[in-house]
Amino acid sequence: DINMPLTPAELSKYDIIILDWLQRTYTPQEAADMKAWVEAGGGLMTMTGHVNNNTVIDRPNTFIGPMGLTYNGSAGFFSGPVTNFAPHPINMGLTSLTFLGGLYIDIVDDGIGVNQTIMTLPPGPVGVVQERMKGRVFVFGDEWVEFDSQWQNMPDIKQFWVQTLAYLGPKDSCAVPQ
């Protein structure tokens, strides 16, 4: 039920949460609970871009804005591919990622999260990671990296997801080599 409040009890069931195509905005209390979940060790990823209107900006910003990261629509929706990568575990060996109709990311230092831009396109950052106390956040400016039947045969997509989940996941778990 999309109208059911997101609670700490619900969040505690997960190690990683991936937000994609949110169906509503979230309350300040839900955002505070998400922030507390990340700070306690959760791994959060957001994607956006599905439609060219402000719902894909406003809805995820209700969660990530309190952590100093927001999607910005002032440059409009733009396309890549992303080929400019900063050294980071998510980017290891990547050469190109699909980016079709996405947004850039604004970064505000909130004194808690340590931010790093790891992917850029000419309008600005399109991939930003944040180390936040015991947790991690990864904000990506588009949703065309989904690992589904349309994209799974693109080598960089599979590698991107293996590395993203390894980065966001619990630090005391092991990952299966891919």
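The structure is a predicted model.

## Overall architecture

The chain contains 4 helices and 8 strands. Read from the N terminus, these elements follow the order α-β-α-β-α-β-β-β-β-β-β-α. The radius of gyration is 15 Å, close to the 16 Å that the globule rule gives for 178 residues, so the chain is as compact as a globular protein of that length. Along the principal axes, the C-alpha atoms occupy a box of roughly 40 × 40 × 35 Å.

Of the 178 residues, 46% count as buried. Contacts can also be sorted by how far apart the partners stand in sequence.

As for charge, the chain carries 9 positive and 18 negative side chains. The centres of these two sets are separated by 6 Å.

Helix α3 spans residues 55–64. Since 7 of its 10 residues are buried, this helix is largely enclosed by the rest of the structure. The buried residues of α3 are Val56, Ile57, Arg59, Pro60, Asn61, Phe63 and Ile64.

Beyond residues up to four places away in sequence, Val56 touches Trp21, Thr48, Gly49, His50, Val51, Tyr71 and Phe77.

Thr62 also has its place in helix α3. Leaving out residues up to four places away in sequence, Thr62 touches Thr25, Tyr26 and Ala31.

Ile18 belongs to strand β1. Its relative accessible area of 37% lies between the 20% and 50% limits, so Ile18 is partly exposed. Apart from neighbours within four places in sequence, Ile18 is in contact with Met45, Met47, Trp161 and Leu165.

Arg136 lies in strand β8. When neighbours within four places in sequence are set aside, the contacts of Arg136 are Val38, Gly42, Gly43, Leu44, Gln130, Glu131, Tyr167, Leu168 and Lys171.

## Separation in sequence and in space

| Pair | Separation in sequence | C-alpha distance |
|---|---|---|
| Ile18 and Leu168 | 150 residues | 10.0 Å |
| Thr62 and Glu30 | 32 residues | 8.8 Å |
| Val56 and Leu103 | 47 residues | 9.5 Å |
| Arg136 and Val51 | 85 residues | 27 Å |

The pair Ile18 and Leu168 illustrates the point of the table: these residues are 150 residues apart in sequence, and 10.0 Å separates their C-alpha atoms. For Arg136 and Val51, which are 85 residues apart along the chain, the corresponding distance is 27 Å.

## Aromatic rings

The structure holds 7 aromatic pairs. Ring pairs join Phe78, Phe99, Phe138, Phe140, Phe160 and Trp161 into a cluster. One member of this cluster, Trp161, is also a contact of Ile18.

## Backbone features in loops

The peptide bond leading from Gly80 to Pro81 is cis, with omega near 20°. Pro81 is located in the loop between β3 and β4 (84–85).

Trp21 has a phi near 55°, a positive value in a residue other than glycine. Trp21 sits in the loop between β1 and α2. Its relative accessible area is 35%, so Trp21 is classed as partly exposed. Trp21 is also one of the residues touched by Val56.

For Met133, phi is likewise near 55°, a positive value in a residue other than glycine. Met133 is found in the loop between β7 (124–132) and β8. With a relative accessible area of 59%, which is over the 50% limit, Met133 is exposed.

Definitions and conventions:
Residues are numbered from 1 along each chain as its sequence is written. This is a predicted model: local features need pLDDT of at least 70, side-chain atom pairs count only at pLDDT 80 or more; totals for chains, interfaces and linings use all residues. Side-chain values use heavy atoms; hydrogens and water are left out. Helices (H or I, at least four residues) and strands (E, at least two) are DSSP runs, numbered from the N terminus. The radius of gyration is taken over C-alpha atoms; the globule rule is 2.2 Å times the number of residues to the power 0.38. Buried means under 20% relative accessible area, exposed over 50%, partly exposed in between (1.4 Å probe, protein chains only). Lys and Arg count as positive and Asp and Glu as negative; His and the chain ends are not counted. The place of a charge is taken as NZ of Lys, CZ of Arg, CG of Asp or CD of Glu. Rings of Phe, Tyr and Trp (its six-membered ring) pair if their centres lie within 6.5 Å; planes under 30 degrees apart count as stacked, over 60 as edge-to-face and the rest as tilted. Contact means heavy atoms within 4.5 Å.
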